[in-house]
Amino acid sequence: MTTELEIGLYIFILAGFLGYHVITRIPPLLHTPLMSATNAISGISLIGSLVVAGANYSRLSTVLGFLAVTCSSTNVVGGFLITDRMLKMFKRKQEMGIQRRWHQLNRQQWLAVSVLIAVLLLLIFWLRRPGAATNVADAATALRYSYIVSAVLFILGLKGLSSPKYARRGMFLAAFGMVMAIVGTLFHPEIVNYRWITIGLAIGSIVGGSMGLRIPMTAVPQRTALSHSLGALAASLIGISEYVRHLAVGLDSVKMTTIGLEVVIGSLTFTGSLMAAGKLQGLLPGAPITYRGQNIFNITLLATVIATLIYLVFVPSASTLFFIIVGLALLFGFLLVIPIGAADMPVVIALLNSYGGLADASMGFVLMNKIQIITGSLDGTSGFLLSLLMCRAMNRSAINVLFGAFGKVQEEEAGAAGEAKGTVRSITPEELTVLVDSIRSVIIVPGYGMAVAQAQHGVSELAKLLSARGIDVKYAIHPVAGRMPGHMNVLLAEANVPYDQLYTMEQINPYFPEADIALVVGANDVTNPAAKNNKSSPLYGMPILEVDRAKSIIVLKRSLRPGFAGVDNELYYDPKCMMLFGDAKESLNQLFAALKS
Ligand code: NAP
């Protein structure tokens, strides 16, 4: 084992532990921005891509490097922009309508950064002007220092996410770190041509910029998945380029191991994430696609990939096998995701996030680039932790998510067990206004239906109206309400709901017995009492929002249809519960109008 590799492994492990400590302190409120922030930071694969695109290795390397630069810069620009858009929305009550001081400073900081980058670029062009005796040692030193500073800034950036107050500032530092790393890399002694780098950066910035600025908040899960696929593709392309380049001069087994891991993990993450994005966007069927012997086939395929990889480590010159392994890994990523239902995609995305991190870290080992090892490790830890948190909150194991074809099984069970269990009472918006006249407290429980109906603004307007009448309004946020961690927080922040009105499940549950009304807006599974009372329910054991303890319960949804888990909700047969049937946005509009009049 070479010393470099040994140091790389130490860095990888230590960064993973550091990432664990920083990321476990990030509140569920900011889990969605965390996903896009790690996504942006993992775009650091850009720096390896810049070297391959700009060095004079071979025409194939330049083309692959150029494609990788385009993919990675799309992630960097898009990731930071969308994270900032989200974080801008999180405000406390007293901050509503006012700009934060540091937000104004931010513009000046951006200006300062732009000037700094311009100066650094000019410096590079001056150093590299025709006829200039470029000092290679100086360039290498500048590069090393810029990477050390960048690594510190990335960690500070993630640390900032431990509070909405400091989150934007933290992300600004991380973005600054990224700029430093990129600009530093432009000094890399092996870069001799900037043409493809410039074109790749320009295309990536335009694509990433338009995605980051325009994409609606409801489409964040699919954007995240797409971004993982681009990052993984970049890692794979660089792996292929490095294999071909080193093949000519001879590959040792250590190099082959790192390249093999990079290409295998990168390729399977690429197709897996593309599938996930397609399912979430509705371009592919959301239902699990299953067939007999599926798990055995997938495991055999994975075993074949691993066995071939081990063979390649001992015989790196078997180039045909190398390209076969790339094809098999692409196929495995595709097959891994098709049996998973669209609703389980968030867990899959988080897992793919961690695979993407590993692909990045492997690329760091291939290029012996320590900052890539650090960010890959941070990204891997973050994705792994988020997927574990989601599984825990759903009371399911990661194995069950990956191999359980959950949506399918539950649909069948629901078909058999979905008979009515009593009387269901319904209420109209006008009747509800009479009830509202006599109440003093409301707890609003948003769920996936609020996202589908885009009813977050209606919820916020109603809450303001109720508050203006002296009614105490609180929001109850379940950790897996919606379809990704922190989903409800982002949507409510978008509708200007102050985050200090949002209560976590543990905080709000003691308040339900005092609440006059629990207003459930498009939530279902996260309120199902069967999770507490019915041992035979698939939901049994999942912690829920105890809306059944409120004095009365109003549920806004279109029908009695079950939610994601496909389980009938006994709450709707509770004598205290009344159903306001219809699209949540329309129902809220009608209720608002009735209350106003
Ligand atoms: P849910 O159980 O999926 O229920 C959502 C409800 O919204 C449905 O029953 C649906 O009923 C209603 N709805 C849909 N469109 C609507 C509209 N336009 N207007 C009004 N209502 C509408 O949602 P949840 O309570 O938020 O629970 C989330 C589920 O997703 C949990 O089972 C959780 O385990 C799972 N999950 C979450 C995550 C995460 O990270 N957040 C990740 C993976 C899985 P109608 O069709 O009758 O309207």
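**Exercises on a predicted model**

Helix α20 (residues 487-494) is mostly covered, with seven of its eight residues buried. Helices here are DSSP runs of H or I, at least four residues long, numbered from the N terminus. Buried means under 20% relative accessible area and exposed over 50%, with partly exposed in between (1.4 Å probe, protein chains only).

This is a predicted model, where local features need pLDDT of at least 70, side-chain atom pairs count only at pLDDT 80 or more, and totals for chains, interfaces and linings use all residues. Residues are numbered from 1 along each chain as its sequence is written, and side-chain values use heavy atoms, leaving out hydrogens and water.

**Exercise 1.** List the buried residues of α20, then look just past the helix.

**Exercise 2.** Is S36 buried or exposed, and which residues is S36 in contact with?

*Step 1.* Find S36 in helix α2 (residues 31-41).
*Step 2.* Check its relative accessible area: 0%, so S36 is buried.
*Step 3.* Skip neighbours within four places in sequence, and S36 is in contact with G79, I82, T83, M86 and R223. Contact means heavy atoms within 4.5 Å.

**Exercise 3.** Which helix gives the most to the shell around the ligand?

*Step 1.* Pick out α14 (370-394) and α18 (448-453), which each supply at least two shell residues.
*Step 2.* Settle on α18, which gives the most, with four residues.
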